[in-house]
Amino acid sequence: MPRPDVASLGVQYRRIPLLAIGRDIYTDTRLILSKLETLFPPSSKHPRISAAASDQAAVEKLLEAWVVDGGVFLRASQLIPTSMPLYKDEKFTKDRAQFSGKAWSLENVERMRPEALVEIRRAFTLLETTLLADGREWILNTDGPSLADIEAVWPFHWLKSLKGALPPSLISPTQFPKVFSWIDRFHGAISAAAQKAGKPQSLKGPDARAKINSSAFAEPEGSVDEDDPTGLKKDDLVEVWPIDSGFGYKDRGALAKLSGSEIVVRAETMEGTEVRIHTPRHGFRIRGIGNSKL
């Protein structure tokens, strides 16, 4: 059974955020944020963004689930203005249809728009009348943006940047002054942080692969939970894929780690260097391929 290579990862996961730390490759923003906090402990140069208190950590997780699993992002994506040139690009609409499993014709998008507006307006109302109702600047009433803000703000920040996505008569600073001020503060904080950090170094694919090949692993391999309901064992050949969207792209490899929060499979680069591909457990599906082992 052939193993995937890093070059193919760019194709298979081209719509899912990727982060490589050494020879560990992490997919999905939710896992990436968690790993960055774990592998790079807070310091003066790298302040903590996740909550220390359990009640605040719960708010973070609830916001994460609300935005992704609760449908906020899905509804936000249905508000991409159909006047954008992207909708005239057959490659884009075909790609989106394959990724989401739904047709992306102008007719279908326009048909979904009223429903999407209702749901997004409800989301704005929730933030305006609850978490931001007392006039606080940040979700957890912190001095600056925290992970809770990051988990919640991104679809609203994105919609605000899309001209024509939000009709002013329904969703604007007039109806939701606290939410729009929060979005603007977040944008300002991110812009300031980016300026302070400086321009990141850009790498082309072959250069990135070379760096990965010459690196060590960032963390221990881990183990497979013996009581996992799947019954899978260490070194079993498995397939892993997202189940909310992009489900046509599957990675194969030998199972290295399986827990309630993470799946790790071993794969190889084009040069034969072993890497480990990490995905969250939630939102991804894992299946054994026969009874084979590597």
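Biologist: If contact means heavy atoms within 4.5 Å, what is Trp182 in contact with, leaving aside its neighbours within four places in sequence?

Modeller: With those neighbours set aside, Trp182 is in contact with Leu127, Leu132, Glu137, Trp138, Ile139, Asp149, Ala152 and Val153. Please keep in mind that this is a predicted model, in which local features need pLDDT of at least 70 and side-chain atom pairs count only at pLDDT 80 or more, while totals for chains, interfaces and linings use all residues. Residues are numbered from 1 along each chain as its sequence is written, and side-chain values use heavy atoms, with hydrogens and water left out.

Biologist: Fine. How many helices and strands does the chain come to?

Modeller: The protein chain has 9 helices and 7 strands, where helices (H or I, at least four residues) and strands (E, at least two) are DSSP runs numbered from the N terminus.

Biologist: And what percentage of the residues count as buried?

Modeller: Of the 294 residues in the protein chain, 42% count as buried; that word stands for under 20% relative accessible area, with exposed being over 50% and partly exposed in between (1.4 Å probe, protein chains only). As for how the chain meets itself, 66% of the contacts with a separation of 6 or more are between residues 24 or more positions apart.

Biologist: Back to the inside of the protein. Which residues have the most contacts within the largest nonpolar core?

Modeller: They are Ile120, Phe124, Leu166, Ile171, Val179 and Trp182, in a core that has 31 residues. A nonpolar core here is a set of buried Ala, Val, Leu, Ile, Met, Phe, Trp, Tyr and Cys residues that are joined through side-chain atoms within 4.5 Å. At least two residues of this core come from each of helix H4 (72–77), helix H6 (106–131), helix H7 (147–161) and helix H8 (177–197).

Biologist: Which of those gives the largest share?

Modeller: H6 does, with 6 residues of the core. Apart from this core lies another, of 15 residues, which includes Ile212, Val224, Leu232 and Val240.

Biologist: Why would such side chains gather like that?

Modeller: In general terms, nonpolar side chains in soluble globular proteins tend to be buried together.

Biologist: Take Ile120, then. Where is it, and what does it touch?

Modeller: Ile120 sits in helix H6 and is buried, at a relative accessible area of 1%. Not counting residues up to four places away in sequence, Ile120 touches Val72, Arg75, Ala76, Leu79, Leu159, Leu166 and Ile171.

Biologist: Switching to the backbone, what is phi of Asp28?

Modeller: Phi of Asp28 is near 80 degrees, which is a positive value in a residue other than glycine. Asp28 is placed in the loop between strand S2 (24–27) and H2, and Asp28 is buried, with a relative accessible area of 12%.

Biologist: And Asn141, what is its phi?

Modeller: Asn141 is not a glycine either, yet it has a positive phi of about 60 degrees. Asn141 is found in the loop between H6 and H7, and at 52% relative accessibility Asn141 counts as exposed.

Biologist: Last one: where is Thr142 found, and how far is it from Ala51 in space?

Modeller: Thr142 is in the loop between H6 and H7 and, at 29% relative accessibility, counts as partly exposed. Thr142 and Ala51 are 91 residues apart in sequence, whereas in space they are 9.8 Å apart, C-alpha to C-alpha.

Note on methods. Contact = heavy atoms within 4.5 Å.
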